[in-house]
Each structure stands twice: as C-alpha cells, then as structure tokens.
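Please walk through this structure with me, one piece at a time.

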Amino acid sequence: MTAKLLDVSSLTIAFPRGTPVADFGFAIGEGETVAVVGESGSGKSLTALAIMRLLPRTARIASGSIGFRGRDLLALPEPDMRKVRGREIAMIFQEPMTSLNPVLTVGKQIAEVLRLHEGLSAEAARKRSIELLDLVRVADPHLRVDDFPHRLSGGMRQRVMIAMAVACRPKLLIADEPTTALDVTIQAQVLDLLDRLRRELGMALMLITHDLGIVGQWADRVVVLYAGRGAEEADAGPLLEDPLHPYTKGLLAASPRLDARLHYTAGALREIPGSIATAQREPGCPFVPRCAMALPSCRISPPPLEEIRPRRLLACPPTAAQEQANASAVGR
Amino acid sequence: MTTATERVPEAMPESDGAWRSLRAFLRNPSAVIASLFLVFVTLVAIAAPLIYPEDPLSMVTRPFLWPGQNPQFPLGSDTLGRDVAAGLVWGSRISLIIGIAAMALGVTIGIVVGAAAGYFGGRIDDALVRLVEIFQTTPSFLMLIVLVAIAEPRVESITVGIALVTWPTIARLVRAEFRSLREKDFVTAARGLGYGHLRIIFIEILPNALPPIIVTSSVIVASAILMESALAFMGLGDPNRISWGSMIGAGRETLRTAWYLTAVPGVAIVLTVLALNMIGDALNDALNPRLSSER
Amino acid sequence: MLENRRLLRVLRRTVLQAVPTILGIIILNFLLLKLAPGDAADVMAGEFGAATEETMAMLRQRFGLDVPVLQQLLAYLSNLAQFSLGQSPRYGVPVSELIGQRLPSTLMLMVMALAIAFGLGIALGTAMALTAGRWPDRVLSLVSLFFYSVPGFWIGLMLIVLFSVKLNWLPSGGQETIGAGLTGLDYALDRLKHMILPATSLALFYVAIYGRLTRAAVLEVSSQDYVRTAAAKGLPPLAITLRHVIRNALLPVTTLAGIHLGGILGGAVVIETVYSWPGLGRLAFESVTRRDFNVLLGVLLLSSFLVIIANTLVDLLHAWLDPRVEVR
C-alpha cells in the first residue's frame, strides 16, 4: 500500500438543521484513485468541500481531522489554506457550464492560478496556459486561449477546468461528479483524460460519483457513502465482484454495468425501495428503513466502519457476522 | 455524533398564500412601524378641519416664531405669521391625495397598456413598447413640468401629470408578467374553454401578476409625493392649497435666518416617503418569500 | 479585432432602434406644446401692456404661429433636418445658441452626479452584500433607504444650511465665483467647489438605487459556481470580490443605469433651481413660464437625445463588460 496522502477521520459536518456528514473517514494514497460513491444527498460533495475548507457559511465542522501531507488542514490558518487550494489540492466541479467566469477569457482564468501560486508574469502565464490547454487536448489552444467560456461546449469547458486544476501540479485532484453534466460520449474521454493526467503528473484523484458503472474502470479503491456515513470501503475489483453492504448491493443492482456480460444476463435494473431522506430520523444504521435484512439491533446505534478482512471495511454487523461464519466454515 | 433530535423540519402546512404573506408582513417590525405611521398621517389628513379649523394660509401670530418658542405654535410660524403646524397638517392632505390618486391612475393606465402589449404580442406589442420607450426617453420630471405648466397647476392637473409620467414603469412590469404568464397551462386551459380575451386578461392572468404590481404601487405613491413636493417647491403647485413642497419653497427665501421653515416640512416628506418605501420593501419580502429567505 | 467588430454591431443596432423613437418624441412633444393655451405672443403682449389685435397677429405671423398645426410641424421638421432648432421668439436668437450656452453646465453637473452615484452606490452595495444580514448591512440599508426617500431639493437646501451658512466651507450657488478673475488650477478648484453640493444633492437618490441594485447583484453573483471555482484556486477574498464578483455584478447594474439617466436630467431641473445653476433645467423652466415653446421643444428634444446617447454608451459598456452580448 502506498503512503497516505490524505487521511480524513471521523469527520462530522453540522448544519443548524442536521448533520449531513457524520463520523466519516477514509484515506487516499499517493497517486491513487479513490472513488467516493453515493446518491445525491449522501454528503460526498460536502466532504470534498470540507477538504477544501470551502463549506457554506452555515456549515460547521463539528469534529474530525483532515490530514494532508503531515498537516491537519482543519487546523491551518486561512492564509496557509489558500496556499493549499489550487496548488496542492485542486478541485473541479459538476457543472462546467457555470463553473467558469463568463466575463473572463479561459486563458485569463487559467493564468490567474499560475500567477497566484507560481508568480509567473502575465506573458509566461499565458504561454503556460496554452501548453496546458494542449495538455488537456483542446484543439487549437493558441486560439481557444482568448475565447470566452460561452463559446465552448460543455466537454471543452470541463477540459478547461481540468487544465486550470492541474496547472500547478497538485498532489490531489478532487473531481466532483466531473462527467454528470456531460454527454455520455464525452464522459469516457474526460475520465480517460483525468486518469492519464493522474499518471503523468503523479497526483492522486478523488473521484466523486453516484455512478458505480464508472468505478470499475477508473478507480483503485471505492468508498461507499450512505446518508453521511461510510457504508463500505474496498478495492474496486473485489467490491464490484462481491458487494457486502446491502446498500452497495442495491446500488450495483441499480446501475447499468459497463461489463456487457453481466449486463445482459442480469436483466432489468432494480431500484432500492425508499429514499435517503428517511435516514435522517434513524438513531441506528441509516439504511435500516430501506434494508431487507435489518435486525432489531441495527436500530440502536449507527454501526462503525470496521475492517472485516485486509483492505475490506464494512459498516454492517449482521453481514460481517455472516462473513465471519462463512470464513471459518471455509477454514475448517 | 448525530442525534435523533436533529431532523429535517416537517413540510410547512399548506396555507393560503395571501395569509402567509400578511403574516410575514406583520412579523417585520419596520413594516409595522411604517404602517402605523402612515395610518397616523392619514388620520391627521382626514381630521385636518377638526384640528385646525382656520385657513392654514391665514396669519395667526407674529412671524418667525422658532419651534418650541411658543407652546401654542409648537412648530413655530413663518415669514407671514402663519402656523407651521397647521400648514403641515393641511399639507398632508395634498401629499396623500395626489400620491394615491396619481398612483391609481398611473397603475390603471399601466395595467391596460402593459396587459395589452404582453397578452396580444405582435404588432400591438411593438407599437406599445415604442410608446413606452418614447415616454421613458423624455426626462420625466421635465415632462411633468411642461404638462403641469400647460394645463395650469391644479390638484387635478398635477395628479394627471404625475400619472402620465409614471405609467410606463407599471406598463413595462405588467407586460413582462403577462408575457410569461400567457404561456402557462391555466391560460391555455381558459382559451380552450372559449373565454374571451377580456376575461382571460382580467380574471385569469391579472390576479397572478398582482404581487409585483402591489409592491411597485407603494413605491409609486412615494415617488408621486416626491414629485408633487418638487413641483410645489418650484411654484408649480396648486396656488390655493398649502402643500409641504410649497412650504419649503416659501421657507427657502429665509433659508439663512430661519432654516427651520425649510427643515420642518422636509422632515414630514422624508418620514412619509420613508414609511411608504419601507412598506414597499416589506411587501416585496412578504410576497416573494423565496428571494428573501435566501438572503 | 473580433471584439471591436462585435461592439460596432451592437452600436449599429442601438442607433437604428433610436431613429423611430426620436421621431416619435419630436412629434409627441410638438403636438403637446401646441395643446397649450397661450403662446409667446400672448405672454409678450401681456408684458408690454396693451396690445392690439393687429400687433398680436403680426407677432404670430413673424413667429410662424398663424398657420395650421400640421404645417407648423412640417416646417419644424424641415428645420430640424437642416440641424436648426429654430429661433426663440422671445430673445430673437437661434435656440441652438441659447441651449449651447447652458448645455456644458448641465452636462458637467450630470457627469459629476453620475460619477458620485456610481462610485458611492457600488461601494455601498458591495459593503452591504458582503456583510449581508449583519449589522453593517442593516445600518447601510437604512441609510440607503433614507437617501431613497429624501427629496433632492430639500437635501440640497439642508446642505446649503450646513456647509454654506453654518460652516462656510462651500458656496451656496452659482457655478463659479463671479468677478474673482481666477485662472488655471484656482479656477478649476473654484468650479469644483461650486459643483460639490449640487452634484451630491442630485446623486444621493441614485446612490441609493445603485447601492440596492449592487447589493442584490453581488449577493446573486456570490452564489454562482464560478465564484466557488475562484475560491478553489486559492484566491484571497479581496481578489475574488474584485475580479470575479463585482465585474459580473456590474452587468445588471449598468443595464439599469440607462433607465435612470432621464431621471437624473429631470432632477437637474430642480437642483439647478436650488443652486441657481445656469443649466438646461433652468432654461427649460424659464421657457415654460414664458411660453417660449421653440426653446422648450429644443430642450426637450436635446434631453431625449442625451438620454439616447447615454443609453447607447451604456449598451456599449454592457457589451464590452459582457462578452455574451451579441446582436440577435
């Protein structure tokens, strides 16, 4: 296992009217791609914003720590945090249409981050911006650099966002649903681009998505988030082969698989009954209202994410017990 | 970490929008204070003949009494020995009458023009938009002076003049509302039922366009009062009636020695207009809860 | 290059749209003034004492007031086509000469007032938005509501009481110290001193309007995704506000600025009266009371024309600020 680059532990984000992320933890190694998976409202974007320390003003980090290269980001003074943003940790967002400033040329927007963090002159920054546009495979970069965002397609804008994000060779790139707003045909291109840049620039990638379909191809490790709590964490292959948490199972059954064999044999997609909104009222495991195998003990307190075997974490005591029994049966 | 008591609040019980707006309005302290002040001004205006039965233009004491000098004339007296307080009380009538009447007339014209333009579209719209543009390109106060001077300054002509320079504001607003509302399903449904244009415009669409019109109306009353006072200040008020603006105009002659003659009626204007604008703001917040809650 | 061509297209569109408006204004104003009872001949005759029917008829004939209205309109239009605003029956000089004497004063006053309104309004609005919901916002909101509710002529008089009468810091009227024979910098300073009070009185109402508009626009823009992007780049708050927020918030503010230009010109009439400022507003007011309709018509047309020019400038400014503006 690679050294830990980012280490989020027992993170709790509180709003005046609720706690959308509670006691959540995960880690990202150097150069690794970790997918954080969950449906909308599960708290994945809030977690990303907490790492960037860009949460909305009404939000409060009630507990937890965010370790990054030996520092706790939550304890960093704001001016120091600003040196982390855009330079060591960069972020791209779901909506490329609205994430770029409409009144500045794309070149100026890329140059801005270079001038800020690397102190480049206007001319040097412009030259670098053109190189970066070329790096993210924008055609005719020396022309596009003077274009305003509204002249570009969604896919192109997301490439510009990516160029801006990797401009200072960050150690970690957070991509919050980077392809959700894009055409299906563009999705794979953008993800391939992110993956190539990750390898070439040696950065880690935190890929936030609600789509388990893209996880197998692009992620090393997967964290499944449900109602602000970790449900399951594992390497991508084993998780997709053998999902353990009832929620992961449900998600998998509900996603169209890129794997054609399974897709055709599995037949119709199933949906998970109920909705995530019910989770807020649960004192115990948040998934209880939608879980077919819930036990009375599940309703008492939220189960912690525990290692049930190497590199495999699960927050479902009944399943864990069953796994244990199976393992010992096999062992015997 | 998280507790069971921290929950998403229950959905608000469905209640009548008008009632909810009224409650929101009444919960706003500045709106309540402003409303009470306006009620007070209105009562004073109505009761003017009872409070000061004398003609406010008659001389009742020695000139240049400063406010507080003589308890019988709490706000003092002017260059001719007229009671400032009496002038203030009688002046409130002109301000309120012209403010409200000009607003009513202007809003009516604006609704008719705006509704026709927005509802029918096409050529009618083009022509009416051009008309609105012509009015809005001419500096409105200059236009008002010309109108009032031509028609001889009287309460009626001032009212009509102010209405003529304010209707384009309402017309623009109503046109925009109608353009978006005419595409709505309930309008299509009304058309399908074979309702006439007049019925669709006034019974189906207009009530839905009312909230922004109401908000703007309160601001228009305020600006009408300001316009009237400016006219009267320039000597284009009704010469037979005392008005706050004309008091300021008269006080200006002795600005250096007796500035209170200018200050006192000005304060009356400011307070009244301020109250109306506060009500306008509060109405805006109450009628557009979505916008205000975001802030 | 491309950028300039885009701005030129915007300019052409605006000018083309203005032509029918101007024509409408001419005709409407002309007919309006013809509705007025009494004309220059009446007023002049009244001032000279008794006038016989013959003198009146002669006066009217001289001023071209004895022919049917439509013919007068056509005569006026053909005059206009030759860039002539006609003669003032009253002063016996071309209207353009009278207006030309007054125009610079009014323009200076307007530009100064606009600058104050814009500068102060945007600063006020930004300050309110950045402290939204907290006490600085509440206090400043009340201040701007106060500015919004005060009659300009009254605040003008109160400023005179305070700064001219009590403190004796600034002159109470006129546009320069008459007979002082100042030159160079002293002269410029003297003019500036005379302008501060009238421009401020004229501007306060618009400070409030632009302040409120800016507040709303800044709040709206602050919640946009690209502001979050800017923060994610690590930009400090001031850079985010200046480069990303205000630049975008100015778009709706400038669009609406055009609508208020006519208002500022109208307000100038009253303010010029308060400060005895020798501008167009005074001229208009004097020509109303003297029934000098050729001058009045000239002032009305010119002020509409000024508003249209200003609107065109605003359109260009808007197009320059917002690259998305295109000719439909």
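In chain C, the axes of helix H5 (residues 95–130) and helix H12 (residues 293–321) come within 9 Å and cross at roughly 55°. Axes here are lines fitted to C-alpha atoms, for helices over the stretch in contact, and angles run from 0 to 180 degrees between N-to-C directions. H5(C) and H12(C) are therefore oblique to each other. The classes work as follows: under 35 degrees is roughly parallel, over 145 roughly antiparallel, 65 to 115 roughly perpendicular, and the rest oblique. The crossing of H5(C) and H12(C) is right-handed. That word applies if the near helix is turned clockwise from the far one by less than a right angle, and left-handed if anticlockwise. H5(C) makes this contact with C:Val95, C:Leu98 and C:Ile99, while H12(C) uses C:Asn294, C:Val295, C:Gly298, C:Val299 and C:Leu302. Contact means that the C-beta atoms of two residues, placed from the backbone, lie within 7 Å. By class, the contact of H5(C) with H12(C) has six nonpolar, two polar and no charged residues. Nonpolar covers Ala, Val, Leu, Ile, Met, Phe, Trp, Tyr, Cys and Pro; charged covers Asp, Glu, Lys and Arg; the others, Gly among them, are polar.

A word on the conventions. This is a predicted model, in which local features need pLDDT of at least 70 and side-chain atom pairs count only at pLDDT 80 or more, while totals for chains, interfaces and linings use all residues. Residues are numbered from 1 along each chain as its sequence is written, with chains lettered from A and ligands numbered from 1 in the order in which they are written. Helices (H or I, at least four residues) and strands (E, at least two) are DSSP runs, numbered from the N terminus.

Move to chain B. Chain B has twelve helices and zero strands. The C-alpha trace of chain B spans about 70 × 65 × 35 Å along its principal axes.

How does chain B meet chain C? The contact involves 35 residues of chain B and 43 residues of chain C. On the chain B side, helices H5 (122–137), H6 (140–151), H9 (197–233), H10 (244–252) and H11 (260–287) each give two or more residues. H11(B) provides the largest share of that side, nine residues. The side of chain B that touches chain C divides into 22 nonpolar, eight polar and five charged residues.

Chain A touches chain C too. Here 22 residues from chain A meet 18 residues from chain C. Helices H2 (78–84), H3 (96–99) and H4 (106–118) of chain A each supply at least two residues of the chain A side. The largest share, four residues, comes from H4(A). By class, the side of chain A that touches chain C holds ten nonpolar, six polar and six charged residues.

Now look inside chain A. Its domain assignment, which is automatic or from a database, gives domain 1 (4–219) and domain 2 (241–331). Their centres, taken over C-alpha atoms, are 29 Å apart.

One sheet of chain A is open, with four strands in the order E2-E1-E4-E5 and antiparallel pairing. Strands pair if DSSP finds at least two bridges between them. Strand E2 (18–29) and E5 of chain A each have a single partner strand, so one side of each is left without a neighbour in the sheet. Seven bridges join E1(A) to E2(A). In that pair, A:Asp7 stands opposite A:Ala27 in E2(A). Strand E1 (residues 4–15) of chain A also has seven bridges to strand E4 (residues 60–68) of chain A. A:Ala14 faces A:Arg60 in E4(A).

Two bridges link E4(A) to strand E5 (residues 71–72) of chain A. The partner of A:Phe68 in E5(A) is A:Arg71. Two residues lie between the strands of this hairpin, where A:Arg69 takes a positive phi near 50°. Helix H1 (residues 44–52) of chain A lies across E1, E2 and E4 of chain A, running at about 110° to E1(A).

A second open sheet in chain A has eight strands, ordered E6-E7-E8-E3-E9-E10-E12-E11, with mixed pairing. Strand E6 (89–92) and strand E11 (306–309) of chain A are its edges. Neighbouring strands of this sheet are turned by 20° against each other on average, direction ignored. Within the sheet, strand E7 (residues 172–176) and strand E8 (residues 204–209) of chain A run parallel, joined by five bridges. A:Asp176 has A:Ile208 in E8(A) as its bridge partner.
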